[in-house]
Amino acid sequence: MTAPVIRSDVPGSFAWGVFHDRHPKLIQQVIDALPYGPGERAAVEDLLAESISGALQPLSTSAHDHQQWVEWGGEGLHGRPWGEAPFLWAESYFYRRLLEATGYFRPGTWQGIDPFAPFKDAELAGAAVDAELVALGDLPSEFTDKRAIALLSSALWGNRADLSFQITAEAGGSIASDLVADDSESLWAELERAQGGRVCIIADNAGRELLPDLVLVDHLLASGLAAQVVVYVKPQPYYVSDATMADVLATVERLRTATTAAAGTIGERLWRAMNSGALVVRTHPFFCAPLPFHDMPADLRSEFAGAAMTILKGDLNYRRLVGDQLWPPTTAFTELASHFPSAVTALRTLKSDVIVGVDAAVVAQLDNAGTPWRTNGRHAVIQVDLRR
Ligand SMILES: O=P(O)(O)OC[C@H]1O[C@](O)(CO)[C@@H](O)[C@@H]1O
């Protein structure tokens, strides 16, 4: 089964807009957020110009991962317009090159400085997170189904980043009308069945998404649904807000030091779970690779094999799971997710063209509404492949 691979060279398409509208704004924000010197500023602006109208250049041969990117497909793309590369490849490479331009990997003063840290720090410190921590206290405190459903919903809508505990506390757990596919009952049934196994979570964004993700992790462990949770984060700053280990530590600390008792208790439990190995945070270079998960290397594949469930958060992980291709939206999710080494659940709000596993009647209704439902971030899916 195949479908056209998405590229960013179709004017007016969503992918085209990411390069031509979103990236110029993003680059401006990056060079305004930290006092980069003339060299870094010029390199960042050159990257933007190259990605819009130039030819795709390789990483410098002195870069530690130069060869890795050649193997990930760079060789065939060097010298060609960026828009001819698959959108997933080009967007991922843009973030790698942005780290190059800001000196993230180069020995020197900017080495190891996350260019997106000012945005992530501001979000985590902000009033919206304060309100989230207060709302956490309104959720049922016992490890009931009601709490589980509310926390799953918070983790899902945390990917939308304007909705999380506050809305789930009010709405009793779901915003059903915006969910275009909901296999959550299968997820809970499978977790009950496999009780006490290892659950993997492939995290997405820091801040208002990672916070509910970690609260869900705490629930899985404290309720006994999982004996161990492994959270996978990015090895380096990526797609602006993607979570790294530094973001996990900052979020656990935000919970621990919260003035509300519910949040503080969860933060302490997460800390102790890390001490005991019940909660493990891991990463791998492949999490910043420009390729679908179908192509994951054997060492990473073996980490997921044997997990009771892997939960993938967010839009980018969804694109990598099912392939960044224009599938008919009614294509079965299980058909495209079956390559993954364990049972999988996608928790994703729709922010790009890729979508599968939606009933024909729902697709027709969404199409008829005339809104860009695939990309406007309003809709979401909970999709499960039980691998049976
Ligand atoms: O943070 P998320 O949910 O993975 O969303 C990332 C998405 O944002 C974009 O970079 C731009 O909207 C998409 O191309 C990408 O899939």
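Author: Residues are numbered from 1 along each chain as its sequence is written. The model is predicted: local features need pLDDT of at least 70, side-chain atom pairs count only at pLDDT 80 or more, and totals for chains, interfaces and linings use all residues.

Reader: What makes domain 1 and domain 2 the divisions of the chain?

Author: The chain is divided into domain 1 (14-115) and domain 2 (118-385), and such bounds come from an automatic or database domain assignment. Taken over C-alpha atoms, the centres of the two domains are separated by 27 Å. Their contact takes 18 residues from domain 1 and 17 residues from domain 2; two residues are in contact if their C-beta atoms, placed from the backbone, lie within 7 Å.

Reader: Which elements give two or more residues to the side of domain 1 that touches domain 2?

Author: They are α1 and α4, where helices (H or I, at least four residues) and strands (E, at least two) are DSSP runs numbered from the N terminus. Helix α4 gives the most, with eight residues. The residues of this side divide into 13 nonpolar, three polar and two charged. In that division Ala, Val, Leu, Ile, Met, Phe, Trp, Tyr, Cys and Pro count as nonpolar, Asp, Glu, Lys and Arg as charged, and the others, Gly among them, as polar.

Reader: Why is the ligand shell said to lie between domain 1 and domain 2?

Author: Both domains give residues to the shell around the ligand, so the shell lies between them. Of the 13 residues around the ligand, Gly314, Asp315, Leu316, Lys351 and Ser352 come nearest; a residue is near a molecule or strand if its C-beta atom, placed from the backbone, lies within 6 Å of it. The elements that give two or more residues to the shell are α1 (14-33) and α14 (314-322). The largest share, four residues, comes from α14. By class, the shell holds three nonpolar, four polar and six charged residues.

Reader: What makes α14 mostly covered?

Author: Nine of the nine residues of α14 are buried. A residue is buried if 20 or more other C-beta atoms lie within 10 Å of its own, exposed if 12 or fewer, and partly exposed in between, with C-beta atoms placed from the backbone. What covers the buried residues of α14 includes α4, β2 (197-202), β5 (309-313), α15 (333-337) and β6. Just after α14, Gly323 takes a positive phi of about 100°.

Reader: How do you know that β7 pairs with β1 and with β6?

Author: Two strands pair if DSSP finds at least two bridges between them. Three bridges join β1 (residues 179-182) to β7 in parallel, and Asp182 stands opposite Ile382. Strand β6 (residues 344-349) pairs with β7 in the antiparallel sense over six bridges, with Gln383 as the partner of Ala346. Both pairings therefore meet the definition. Six of the six residues of β7 (residues 380-385) are also buried.

Reader: What is called the largest nonpolar core, and which residues have the most contacts inside it?

Author: A nonpolar core is a set of buried Ala, Val, Leu, Ile, Met, Phe, Trp, Tyr and Cys residues joined through C-beta atoms within 7 Å. The largest such set has 104 residues, and Val199, Ile201, Val217, Val229 and Leu321 have the most contacts inside it. Its largest share, 10 residues, comes from helix α4 (residues 87-101). The core draws at least three residues from each domain.
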